[in-house]
Amino acid sequence: MLGLKLLTDPRWANIAEKNLEVILTDHAWCEQKAASNAISIITQNPEHKELVEVLTDIAIEEMEHFKMVIEIIYARGYTLGREEKDHYVGQLFKFMKKDGSRNQALIERLLFAAMIEARSCERFRVLYQNIEDKELAKFYYELMVSEANHYTVFLNFARELSESGDVEKRWQEWLKFEGELITSYGKKEFVHG
């Protein structure tokens with residue numbers, strides 16, 4: 001699915017379902033960070049009109065998702081907890097190449113975003129297929145579809161805007177790295193945990 005090298009063990013959904021307040025809080029902050037990431041890409045690359053327009057829509061959609069998640073949190077009598085550090089995303093950030101041209105930096109940021117969206121999509125699929133809570137299963141199905149679209153948008157922009165033409169090679173490097181990285185995750189009640 002989505003080219004990911006290692007799929008999440010379905011038993012992770014059981015961990016998540018036993019700790020709904022924690023996973024929902026983490027999920028809310030993931031949506032906020034996804035919106036911030038889209039805004040950051042826009043801010044650093046305003047000359048790309050289509051990119052700005054499409055990522056503006058994604059940023060708005062991610063904040064709508066944030067609102068939806070916090071509404072679920074409050075409706076269930078939970079509290080929105082504080083944001084926790086996402087070590088998985090931190091490791092992906094470290095993998096991003098920081099040298100090179102402005103264009104190469106943009107391509108790396110787009111691949112970084114595509115990777116996070118791909119794994120989030122895959123995790124939402126695991127939740128919707130395996131949790132007993134029917135309301136949340138439906139919610140996660142809808143978000144899975146949305147995340148798959150975001151993944152495609154980021155990856156397609158990387159392909160379209162690359163000046164060097166080596167996006168496919170670099171994307172395979174991202175997939176390989178993430179496949180090794182994810183072996184350390186999937187044991188906690190966090191979207192990427």
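**The ring cluster**

Analyst: Ring pairs join F93, F95, F112, W174 and F177 into a cluster. Please keep in mind that this is a predicted model.

User: How many aromatic pairs are there by this rule?
Analyst: The count comes to nine aromatic pairs. One of them is F93 with F112, whose ring centres are 5.9 Å apart and whose planes meet at 75 degrees.

User: What makes the pair of F93 and F112 edge-to-face?
Analyst: Centres must lie within 6.5 Å to pair, and planes over 60 degrees apart count as edge-to-face. At 5.9 Å and 75 degrees, F93 and F112 meet both conditions, so the pair is edge-to-face.

User: Why do you say that this pair ties parts of the chain together?
Analyst: F93 belongs to helix α4 (residues 87-95) and F112 to helix α5 (residues 102-130), so the pair ties together parts that are 19 residues apart in sequence.

User: How is the pair of F95 and W174 classed?
Analyst: It is edge-to-face, with 5.0 Å centre to centre and 85 degrees between the planes. This pair links distant parts of the chain: F95 is in helix α4 and W174 in helix α7 (residues 167-181), 79 residues apart.

User: What makes K98 count as lying over the face of F93?
Analyst: The distance part of the rule asks for NZ of Lys within 6 Å of the ring centre, and K98 lies at 4.5 Å from the ring centre of F93.

User: How do you know that the length of α5 agrees with its residue count?
Analyst: At 1.5 Å a residue, the 29 residues of α5 should span 42 Å, and its end C-alpha atoms are 42 Å apart, so the two agree. This helix is also mostly covered, with 23 of its 29 residues buried.

Methods
Residues are numbered from 1 along each chain as its sequence is written. This is a predicted model: local features need pLDDT of at least 70, side-chain atom pairs count only at pLDDT 80 or more; totals for chains, interfaces and linings use all residues. Side-chain values use heavy atoms; hydrogens and water are left out. Rings of Phe, Tyr and Trp (its six-membered ring) pair if their centres lie within 6.5 Å; planes under 30 degrees apart count as stacked, over 60 as edge-to-face and the rest as tilted. Helices (H or I, at least four residues) and strands (E, at least two) are DSSP runs, numbered from the N terminus. A charge sits over a ring if NZ of Lys or CZ of Arg is within 6 Å of the ring centre and within 35 degrees of the ring normal. The expected span of a helix is 1.5 Å times one less than its number of residues. Buried means under 20% relative accessible area, exposed over 50%, partly exposed in between (1.4 Å probe, protein chains only).
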